[in-house]
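Subject: Structure for you to look over

Dear colleague,

I am passing on the structure below, and after it you will find my notes on what turned up. Please read them with the model open beside you.

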Amino acid sequence: MKLRVDAHTHWSQDWAQRDGDDPSRWLARARAYGITHSVVLPLPGLADARVIATEHDRLARVCARSGGAMLPFCTACLAQPEEAMAEIRRCLGELKFRGIKFHPWLQGCSVSAPAMDAVAELAADFGAPIVFHDGPPTYALPSQMALLAQRHPRTAIILGHSGLFEHYQEAAAAVHSAPNVWACLCGPHIEGLRYLLARCPSNRLLWGTDTVSMNFDTRSYRVPLMDRLGLTEAQETAIYGVNPERILRL
Ligand SMILES: [Zn+2]
């Protein structure tokens with residue numbers, strides 16, 4: 001089977017309201033685009049720390065019904081560092097989540113906070129990557145994440161949006177600044193994507209769709225966008241298959 005891994009999606013409330021914990025219709029859409037595996041990041045828990053644990057339980061139930069096609073990530077509220085560490089341990093250990101996600105400006109947590117350093121070391125102990133929402137500030141510049149990566153060389157740090165529209169050049173610089181910084185092609189426009197492809201080592205690139213809502217499926221935009229880039233066979237194999245396989249321990 002040819003792998004096509006979408007390294008950035010979310011299981012959103014509209015899907016949960018209609019389908020409960022059953023991902024079959026969500027997966028059918030992914031399959032229609034040739035996507036074999038999807039990283040599923042938290043969503044409501046990024047905006048409301050009170051729902052983080054219940055969202056993790058739901059993500060675990062949904063992904064358990066996907067036959068291995070949906071790979072859950074957890075999050076945590078660093079304002080309560082001890083609870084955050086315990087919840088991350090529960091998810092990576094007991095629930096076998098594949099990684100951690102932070103949305104620094106939505107969650108109000110600095111990439112440079114001491115609590116983040118502790119999380120980065122814990123992630124490395126589990127061999128789990130940390131994916132960040134990155135792009136415009138506050139707390140979301142690729143260069144800030146690069147500094148975290150430099151302080152924690154054992155931890156894989158993924159720029160979840162490769163800088164979005166405004167900071168893709170900085171994202172490429174971040175990838176060059178440390179061997180454990182990865183960029184997920186999910187956000188920049190086509191010229192930004194070309195820039196990243198030309199400058200980043202292709203063994204540290206991932207791809208994602210940021211699929212969220214049932215009503216606007218961003219796979220319908222980001223799959224053809226990538227197809228327009230005319231990737232070489234080697235680039236396709238690396239970005240869709242070999243790289244995610246390596247970082248997600250597929
Ligand atoms: Zn997202």
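In these notes a residue is called buried if 20 or more other C-beta atoms lie within 10 Å of its own, exposed if 12 or fewer do, and partly exposed in between, with the C-beta atoms placed from the backbone. By that count R29, with 14 C-beta neighbours inside 10 Å, is partly exposed.

Two remarks on provenance come before the rest. The model is a predicted one, in which local features need pLDDT of at least 70 and side-chain atom pairs count only at pLDDT 80 or more, while totals for chains, interfaces and linings use all residues. Residue numbers start from 1 along each chain as its sequence is written.

Overall picture

The chain has 12 helices and eight strands, where helices (H or I, at least four residues) and strands (E, at least two) are DSSP runs numbered from the N terminus. For 250 residues a compact globule would have a radius of gyration near 18 Å, and the 17 Å of the chain agrees with this; the radius is taken over C-alpha atoms, and the globule rule is 2.2 Å times the number of residues to the power 0.38. Along the principal axes, the C-alpha atoms fill a box of roughly 45 × 40 × 30 Å, and buried residues make up 47% of the 250. Of the contacts with a separation of 6 or more, 74% are between residues 24 or more positions apart, a contact being a pair whose C-beta atoms, placed from the backbone, lie within 7 Å.

The last helix and the residue after it

Helix α12 (residues 233-248) has 16 residues and reaches 21 Å from its first C-alpha to its last, close to the 22 Å expected at 1.5 Å a residue; the expected span is 1.5 Å times one less than the number of residues. R249 lies in the segment after α12 and has a positive phi near 55°, although R249 is a residue other than glycine. With 12 C-beta neighbours inside 10 Å, R249 counts as exposed.

A pair of helices

The axes of α8 (residues 142-151) and α9 (residues 168-177) come within 8 Å and cross at roughly 10°, the axes being lines fitted to C-alpha atoms, for helices over the stretch in contact, with angles that run from 0 to 180 degrees between N-to-C directions. The two helices α8 and α9 are therefore roughly parallel to each other, as angles under 35 degrees count as roughly parallel, over 145 as roughly antiparallel, 65 to 115 as roughly perpendicular and the rest as oblique. P142, S143, M145, A146 and Q150 of α8 make the contact with E170, A171, A174 and S177 of α9. A171 is buried, with 32 C-beta neighbours inside 10 Å, and, leaving aside residues up to four places away in sequence, A171 touches D134, P142, L159, S162, G163, A183 and L196.

Backbone points to check

Most residues other than glycine have a negative phi, and most peptide bonds are trans. A cis peptide bond, with omega about 15°, joins P137 and T138, and T138 is placed in the loop between β5 (130-132) and α8. D210, which is not a glycine, has a positive phi of about 55°; D210 lies in the loop between β8 and α11 (219-227) and counts as partly exposed, with 19 C-beta neighbours inside 10 Å.

R29, placed in helix α2 (residues 24-32), is 190 residues from R219 in sequence but 8.7 Å from it in space, C-alpha to C-alpha. Not counting residues up to four places away in sequence, R29 touches D217 and R219. F126, in helix α7 (residues 114-126), is likewise 33 residues from G93 in sequence and 7.9 Å from it in space, C-alpha to C-alpha. F126 is partly exposed, with 18 other C-beta atoms within 10 Å.

Methods
Two residues are in contact if their C-beta atoms, placed from the backbone, lie within 7 Å.
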